[in-house]
Amino acid sequence: MNKMQRIRALLAAHGKDARRRLLLFGVVVLAGGVPTAPIFAFELLDRWWDDLAGRTPPQSSEAQAKPPPGGTAAAAPAATAPAAAPSVAQAPTAPPIPVVRPKVQAVSDTLEITGNAAAVNQVKLIARVTGFLEQIHFEDGALVRKGDLLFTVQQDQYKAQLQQAQAQLQLQQAALLYAKTEVVRYIALLKRDAATQVDVDHWNFEKNSAEANILAAQAQVAIAQLNLSYTEVRAPFDGLMGKHLIDIGNVVGGNGQQAALADITQLDPIYVVANISTQQAQQIRANLDQRRLTLAELHQIPIEAALSGETGFPHRGTVEYVAPAIDPATGTLLVRGILPNPTRALLPGVFVTVRLPMGRTTQSALLVPDRALQEDQGGRYVLVVGADDLVQQRYVQTGALVGNLRVVTGGLNANDRIVVGELWRASPGTKVTPQLTEIGQ
């Protein structure tokens, strides 16, 4: 089987769709490598297929009606392929590029500094009574609620002490009842001269003593109940447990022993702590006209934080504390904010970027989508479409991020058209067709 026969067998096995696939995969070209129009390419493929299959393509009725000169219709030579339709050269069109005009709005000046998260509460759990550690009621690293039972210390002796104190209380209550009865009896006998005043005074003393003993017995009952409650170590707040530090069977709470049973950390809410420089603190004071804020006003100041890799500042809260003085060792002022942390995304000690307001508002700030900004060795820049629809590279000075918009402090004006899409097609000097869209889209 020669090469032509193998090709015919292969194409016959795949069917006529094979030639359509050849066109879709871009292998249909004319001699000389000039692409043809899609319809004419199909005609060439049909002729090529018939030639490989050894079939003569059908002639049109007009060709059959008019035999060529000097011969019959049967002896007519095979029809030659029609000349390729001349391709029409079209002038390249400018690609459509989405553009926006800068958004003009009032923006508050902000300060971005590096800080870290800190726990609002972190407690070492310590046994307050002596005894063997009997039970551990949590798993290391578990989330617990306020009041959940965490540890149980040996309780038998403390239950016995409570019963003893309660018995003493009942004894003193009985003594008081007896003394009151005797006081009444001896007062009646004194009126009939059957008893002396000394007897009456004695029983009044016994009554008063019984009342005092009842108070002491009640205090002993309270102490015994308190000691018994100390045998159960419970969570002081909602938080995350650390690992247990003492195993079951060890004696805890001995005299002078301060060994912690475990640590518990509160994660919601959480602090963010940062230090601002003396110059930054002075600038904020200047923006506030040297006015010191009250504590209520301070608690209304927003504070935002973001972890490394997060877009924007998704963690928001308020300022909770500002140090009253500059730290002379570092020349900084401590600022602490409190933020809700229901998902526990912020963990104590993690570094965060903190954004604080500077106390000043720019009324007509220009904002552009942050995605439109690019950067090279010369700095940050945007692509601007000029009046002649040519793309220009414009270096800009940027400010704070407001949502997904970036404040531009220099290099742009409100009428500039900023390229926000198809950046790979919009190179400087390229002519484009700008399509004005709404900012944020």
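## Two helices side by side

Helix α5 (residues 156-191) and helix α6 (residues 197-230) have axes that come within 7 Å and cross at roughly 165 degrees. That angle makes α5 roughly antiparallel to α6. Axes here are lines fitted to C-alpha atoms, for helices over the stretch in contact, and angles run from 0 to 180 degrees between N-to-C directions. Angles under 35 degrees count as roughly parallel, over 145 as roughly antiparallel, 65 to 115 as roughly perpendicular and the rest as oblique. The crossing of α5 and α6 is left-handed (the near helix is turned anticlockwise from the far one by less than a right angle; clockwise would be right-handed). In the contact of α5 with α6, the residues divide into 20 nonpolar, 12 polar and 7 charged. For that division, Ala, Val, Leu, Ile, Met, Phe, Trp, Tyr, Cys and Pro count as nonpolar, Asp, Glu, Lys and Arg as charged, and the others, Gly among them, as polar.

Please keep in mind that this is a predicted model, where local features need pLDDT of at least 70, side-chain atom pairs count only at pLDDT 80 or more, and totals for chains, interfaces and linings use all residues. Residues are numbered from 1 along each chain as its sequence is written, and side-chain values use heavy atoms, with hydrogens and water left out.

## The chain as a whole

The chain has 8 helices and 22 strands. Helices (H or I, at least four residues) and strands (E, at least two) are DSSP runs, numbered from the N terminus. Of the chain's 441 residues, 31% count as buried; buried means under 20% relative accessible area, exposed over 50%, and partly exposed in between (1.4 Å probe, protein chains only). Among contacts between residues at least 6 apart in sequence, 73% join residues at least 24 apart, a contact being heavy atoms within 4.5 Å.

## Strands that pair

Strands of a sheet pair through backbone hydrogen bonds, either parallel or antiparallel. Two strands are said to pair if DSSP finds at least two bridges between them. An open sheet is formed by 4 strands in the order β7-β6-β4-β9, with antiparallel pairing. Its edge strands are β7 (232-234) and β9 (251-252), each of which pairs on one side only. Strand β6 (residues 149-153) is joined to β7 by 3 bridges, and Thr152 has Glu232 of β7 as its bridge partner.

With strand β22 (residues 433-436), β1 runs parallel, joined by 4 bridges, and here Ile97 stands opposite Pro434. With strand β21 (residues 417-419), β1 pairs in the antiparallel sense over 2 bridges, and Val100 stands opposite Ile418.

## A hairpin

Strands β17 (residues 379-385) and β18 (residues 391-395) run antiparallel and are joined by 5 bridges. Val382 has Arg394 in β18 as its bridge partner. The two strands form a hairpin with 5 residues between them, and Asp389 in the turn has a positive phi of about 65 degrees.

Met358 is found in strand β15 (residues 351-369) and counts as buried because its relative accessibility is 11%. Leaving out residues up to four places away in sequence, Met358 touches Asp109, Thr110, Leu111, Gln283, Ile284 and Asn287. Met358 and Ala286 are 72 residues apart in sequence, and their C-alpha atoms are 9.6 Å apart in space.

Phe237 is found in the loop between β7 and β8 (239-241). Its relative accessibility of 11% means that Phe237 counts as buried. Setting aside neighbours within four places in sequence, the contacts of Phe237 include Asn121, Val144, Ile264 and Gln266. Asn121 is 116 residues from Phe237 along the chain, with 8.6 Å between their C-alpha atoms.

## Backbone details in the loops

Most residues other than glycine have a negative phi, and most peptide bonds are trans. Asp193, in the loop between α5 and α6, has a positive phi of about 60 degrees although it is not a glycine. Asp193 counts as exposed, at 70% relative accessibility. Arg344, in the loop between β14 (332-339) and β15, is not a glycine either and has a positive phi of about 55 degrees. With a relative accessible area of 35%, Arg344 is partly exposed.

The peptide bond from Asp268 to Pro269 is cis, with omega near 0 degrees. Pro269 has its place in the loop between β10 (260-265) and β11 (270-277).
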